[in-house]
Amino acid sequence: MITRIGQAFRDGRGPALLGLAIMVGIIAGYATLGLRLGIGWVEQAAFGVTEERLASTAASLPAWRLVLIPVITGCIIAAMLGLGRRFGLSPDARGLGVADVLEARAVKAGRLDVRSGLYSAILSAVSLGGGASAGREGPAVHLGATLASALGSWFGMAPRGSRILLACGAAAAVSASFNAPIAGALFAFEVVLGHYALRSIAPVATSSVVGALIVRHHFGQAPVFGVPEMAAASLWDFPAAAVLGVAAAGLAVLFNRGVIHLPPLFAGWTERFHIPSWLLPIPGGLAIGLLALMAPEILGVGYEATSNALATEYTFGLLIVLIVLKTLATIISLACRFAGGVFSPSLYLGAMLGSAFGIALTILTGDQTAGPGFFAVIGMGAVAGAVLGAPLSTTLIVFELTTSYEASVAVLVAVSLATILSQSTLGGSLFQLQMRRRGYDIAGGASRLVLQIVRVRDVMEPLGSWGEESVPDGTCLYEDDTLGRAFAVLDAEQIDSVIVRERSDAQAVIGIISKSDAQAAYARSLAEISEEEHR
């Protein structure tokens, strides 16, 4: 009896999992608050203020200081990346984020390295506090998921249970970041887990609520953005929201392409000129500082500037300038190895785009629309939803920020169009594209992912010692080849089985894999994933 209860708990099926979900919510919630305070401490040291007044204060700083602060931050981050690579704390010399959580869920049985996760959180606090143009939610999601993974490892959770805890940590982090428990839970289902299995709903929702309660206890119930009271929407505002959705799709496509293609381009340059990649933050800091001379509002996470756009405090011309410069600053920050995410920048860009759209619409139609503030909220949700591939959770974030049913309906119209158009253009969301660059096509579903994550060594029939004369020549596979490659070789050579060798100089024969064994392993893996996603 006790053994069955323990096994059910480790698999993520026991009622005791709710207790663990509460623990994850508390840990991830306080970790998110710690990251927020850490960013604030660095901002206070660098700029003399915290995020809530960064845009207005930066605008009053002398030019030399606007340039010097990001450059010094770049030097610090470069040193931290170099030390992190040397001591194994940051092997890839970069900050970690949501894509790493998705990789852990899809490929690594829900496991994340605790030391690298904590070090990445420190990198994020220094980067964002020192003016790097990126978001704090991605690092918060990774930190929450890392701590949840550590808790799962300590309790000996099976992969299925570990993946649920991973989603619990992500939900609590998003909930604590935005004070939005419903959106936090839905983000975990929509982006991290990729399904709405019944057994995961209660623990994920519990962690999300706990994360929100923690932030409300310490910071009150005020939303992270100052959303002014909006005028009632007319029937004409909903077709206009659809047009804004098309514009949001275009901006999301440009942003995602930059975030995906510029980092490998910069990495290629460092290899060509034999420069360590961990030195990239230094020229990156200089570039950010020079952009800040034109628009100091681009620095940092950008919450004050986003709130100003929602309050329609910027002119049409300034909004366009901020869209261009913030896009450049964020892409450069991420390409130059500053640690941070894309959630806040996408909200920032959406608010600027929506406000500019609302101003233009008001000039054309007069007082027939709900005004720029209304469309700033719509744009904020549309661009963020299209960038992240999370239309439902971003719609709910808007609803929890505004409590406006009309705004939420308009956001749903805009974000649906923006997401469809951007993903049909790019072939997936930003996180899906990042995963594809790592060799995993999570957008293709379980049927394709299994072919990429199951290895030949997991399927082959091990062999004992072979005599030299018994080892066949010709076609072979290696132990770390994927199941997809095994099928490709078996089909191309029109054979029923093939030998498997070690990936070493000796290349000793260690097994044999048959087509029937490969097909059975494929069917078995699909059945296990289907059960996990539907029960």
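Start with helix α2, residues 16-47. How far apart should its ends be? At 1.5 Å a residue, the 32 residues of α2 should span 46 Å, and the end C-alpha atoms are 46 Å apart, so the two values agree. After α2 comes Gly48, with a positive phi near 85°. Keep in mind throughout that this is a predicted model.

Now the helix pairs. Two packed helices are described by the angle between their axes and by the distance between those axes.

First on my list are helix α15, residues 343-365, and helix α16, residues 372-388. They pack at about 140°, and their axes are 6 Å apart. Since only angles over 145 degrees count as roughly antiparallel, that angle makes α15 oblique to α16. The crossing of α15 and α16 is right-handed. Which classes of residue make up this contact? There are 16 nonpolar and 7 polar residues, and no charged ones.

Next, helix α17, residues 391-402, and helix α18, residues 405-426. Here the angle is about 155° and the axes are 9 Å apart. That makes α17 roughly antiparallel to α18. This crossing, too, is right-handed. On the α17 side, the contact residues are Pro391, Leu392, Thr394, Thr395, Val398, Phe399 and Thr402. They meet Tyr405, Ala407, Ser408, Val411, Leu412, Val415 and Thr419 in α18. By class, the contact of α17 with α18 divides into 9 nonpolar and 5 polar residues, with no charged ones.

The last pair is helix α5, residues 98-106, with helix α19, residues 430-437. These pack at an angle of about 65°, with axes 9 Å apart. α5 passes α19 in a right-handed crossing. Val98, Ala99, Leu102, Glu103 and Ala106 in α5 meet Phe431, Gln434 and Met435 in α19. The classes in this contact are 6 nonpolar, 1 polar and 1 charged.

Finally, confidence. The chain averages a pLDDT of 89, and 94% of the residues score at least 70. Which elements have the lowest and highest mean pLDDT? Helix α1, residues 2-10, is lowest at 56, while helix α14, residues 316-335, is highest at 97. Over residues 465-469 pLDDT stays under 50, and the model has 3 contacts for them beyond four places in sequence. Where pLDDT is low, the predicted coordinates should not be read in detail.

That is what I have; questions are welcome.

Key. Residues numbered from 1 in each chain as written. Predicted model: local features only at pLDDT ≥ 70, side-chain atom pairs only at ≥ 80, totals over all residues. Heavy atoms only, no water. Axes fitted to C-alpha atoms, helices over the stretch in contact; angles between N-to-C directions. Helix = DSSP H or I, 4+ residues; strand = E, 2+ residues; numbered from the N terminus. Parallel < 35°, antiparallel > 145°, perpendicular 65-115°, else oblique. Left-handed = near helix turned anticlockwise from the far one by under 90°. Nonpolar A, V, L, I, M, F, W, Y, C, P; charged D, E, K, R; others polar. Expected span 1.5 Å × (residues − 1). pLDDT = per-residue confidence, 0-100. Contact = heavy atoms within 4.5 Å.
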